[in-house]
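Subject: Structure handover

Hello,

Here is the structure we talked about. Please open it and keep it in view while you read my notes below.

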Amino acid sequence: MAKGASIKLDHVGISFGDAHIVSNVNLDIRPGEFICLLGPSGCGKSTLLNAIAGFLPVAGTISVGADRVSKPGLDRGVVFQSAEVLFPWLTIRENVEYGLRLAGVPAKERREKADHFIGLVGLAHAADRFPKQLSGGMRQRAQIARVLINEPSVVLMDEPFGALDAQTREVLQGELDRIWRETGCTIVFVTHDIWEALLLADRVVVMTAGPSAGIKTIEKIDLPHPRDQGSAECLELFRRLRDDIGEEVKRALVQQGLKKEEPVT
Amino acid sequence: MTDATQGTMMKRFPFNLRLGPELSKILIGVASVICGVLLWHIASLYTSPLFLPSPVSVGQTALEMASDGSLFLAIGASAWRIGAGWALGVILGVPLGLFMGRFAVVRLIVDPYIEFFRFIPPIAFVTLAVIWLGPGEITKIALIFYTTIFIVTLNTIAGVNAVNPLRLQAARSMGAGKLAEMTTVIFPSAVPFMLTGARIAMGNSFLTVVSAEIVSAQTGLGAMIWTARNFGRTDWVFVGIISLGILGYLFDRAFRLATQRWFKRFLF
């Protein structure tokens, strides 16, 4: 299994035309670290993730391991929020085999590996079904297997559990924690759910409201897994993160004209 | 429809018929056709055979034409032209649509022609087609090809444009290059659009074949309908029209069955 790679963001900026979405982001991510990007909606967390994936041109440099990111690559797997990205004309097994098929891996080896990763995400019973025959949670499991089979050193996840019901989300958070430990890959995980970040992350990166979003604070979550969300440390961290994000949400609302500026006291 | 609503429909069925829902639907259709033919028969009693031949005489004529083989020759000629022109149009329209949808340059080059020609019905080209291609089979096939390729191309372009961009991103992040994107994401995504285009084009091919055969053919159902005029045989016209309807139905059925058989996984 490929070990996690480090990620280095050096003065990264992302613009669409004149609109500066993200400006001057510097971040060092250790190999095998679990990082959560947290911030108000629309702040540019997903944009930053897409940049690491190589989908967007950036100012500054993004490096994964020793390599500078310029385009998408098999070293960086991407799990999307929408399970629509599964190919509906392929069965779950065929979806999972996709990357290996492109790489020209022989059918027998492909199948063995696919079965391994389908088992890892708990979908062995559904391998021959089509995505539309699966629940939302099962589809996200399939997406994760389809990414892991390529043995990426980095997995980029864009609110992968955002569209799921609370119970399913909780189960999958637990499974992701286990899978992360088994594979040792580096994970960058975008979410707007503070509890989710607290449950999963080694470090939580709080972003400022856009435009020109940047890093506001970085919280280290130095708690053993599995984490107890009711513990005093967790609650303390939750309050701190909530206040940090709250400020940014307020700023975003003011910028959007939805809220009047409050006098600074 | 849910089982419950089907159940209530069954209960309202006249004469308390206790048949399966499928069978009763078919029976309603059959009963409707029988009623239509009866009405036709009654109407024919009050008019001359030249104005409206009775269903019985049309049936007899059809039997005669079937027994001397002329009916099947006509159906065969039309079916062959439709099949050949349509198939060619689909085979070339799909890649053309894929390229036009994918590459802006190709689109820009071909677009003015498409926008211009799409409003010109194939029948407007019959004269030119005869002058350029002669009076033979190729003329009729070319006209059906023309009518088909537009519809298939435009639908395929729509299919390419409707591809979920996230699916392309996902494919790229799993190692897909330009070619693999086309074959493993764009093509399968666009299949439902292509099939819709091909099916609409099938209907238009029937319109075209009759027009073309009326203007320039000795064989085929269109020619048969047109020749009837010279002999005052309204019953031939009816035989031709009914054959066209049945042929169209069979083509559409065959197309749908083939679609279900070979493209089922793409019809999401």
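A residue counts as buried if 20 or more other C-beta atoms lie within 10 Å of its own, and as exposed if 12 or fewer do. By that rule, buried residues make up 45% of the 265 residues in chain A. In chain B, 32% of the 268 residues are buried. Please remember that this is a predicted model.

**The two chains**

Start with chain A. It has seven helices and 10 strands. The radius of gyration of chain A is 19 Å, close to the 18 Å that the globule rule gives for 265 residues, so chain A is as compact as a globular protein of that length. Its C-alpha trace spans about 65 × 40 × 30 Å along the principal axes.

Now chain B. It has 11 helices and zero strands. Chain B has a radius of gyration of 23 Å, whereas a compact globule of 268 residues would have one near 18 Å. Along the principal axes, the C-alpha atoms of chain B fill a box of roughly 70 × 60 × 30 Å.

What about contacts within each chain? In chain A, take the contacts between residues at least 6 apart in sequence: 71% of them join residues at least 24 apart. In chain B, residues 24 or more positions apart account for 71% of the contacts with a separation of 6 or more.

**The sheet in chain A**

Which order do the strands of the open sheet follow? The order is S6-S7-S8-S3-S9-S10 in chain A, six strands with mixed pairing. S6 and S10 of chain A stand at the edges. Each has a single partner strand, so one side of each is left without a neighbour in the sheet. On average, neighbouring strands of this sheet are turned by 15° against each other, direction ignored.

Look at one pair inside the sheet. Strand S3 (residues 34-38) and strand S9 (residues 203-207) of chain A pair in the parallel sense, over four bridges. A:Ile35 has A:Arg203 as its bridge partner in S9(A). Next, find helix H7(A). It lies across S3, S9 and S10 of chain A. It runs at about 175° to S10(A).

Leave aside the neighbours of A:Ile35 within four places in sequence. Among its remaining contacts are A:Ile29, A:Ile187, A:Val188, A:Phe189 and A:Val205. A:Arg203 is also in contact with A:Ile35.

**Where the chains meet**

How many residues of chain A are in contact with chain B? The count is 20 residues of chain A, against 15 residues of chain B. On the chain A side, strand S6 (76-79) and helix H2 (92-102) each supply at least two residues. By class, that side has 13 nonpolar, four polar and three charged residues.

**Single residues to check**

A:His11 lies in strand S1 (residues 7-16) of chain A. Its phi is positive, about 50°, although it is not a glycine. Is A:His11 buried or exposed? It counts as exposed, because it has 12 C-beta neighbours inside 10 Å.

A:Glu159 also has a positive phi without being a glycine, near 40°. You will find A:Glu159 in the loop between strand S7 (154-158) and helix H5 (166-183) of chain A. A:Glu159 is buried, because 22 other C-beta atoms lie within 10 Å.

A cis peptide bond joins A:His225 and A:Pro226, with omega about -10°. A:Pro226 sits in the loop between strand S10 (215-220) and helix H7 (232-255) of chain A.

Last, go to chain B. B:Leu128 belongs to helix H6 (residues 126-133) of chain B. It counts as exposed, because it has 11 C-beta neighbours inside 10 Å. The C-alpha atoms of B:Leu128 and B:Val30 are separated by 44 Å, and the two residues are 98 apart along the chain.

Best wishes

Technical notes
Residues are numbered from 1 along each chain as its sequence is written. Chains are lettered from A and ligands numbered from 1 in the order in which they are written. This is a predicted model: local features need pLDDT of at least 70, side-chain atom pairs count only at pLDDT 80 or more; totals for chains, interfaces and linings use all residues. Two residues are in contact if their C-beta atoms, placed from the backbone, lie within 7 Å. Ala, Val, Leu, Ile, Met, Phe, Trp, Tyr, Cys and Pro count as nonpolar, Asp, Glu, Lys and Arg as charged, and the others, Gly among them, as polar. The radius of gyration is taken over C-alpha atoms; the globule rule is 2.2 Å times the number of residues to the power 0.38. Two strands pair if DSSP finds at least two bridges between them. Axes are lines fitted to C-alpha atoms, for helices over the stretch in contact, and angles run from 0 to 180 degrees between N-to-C directions.
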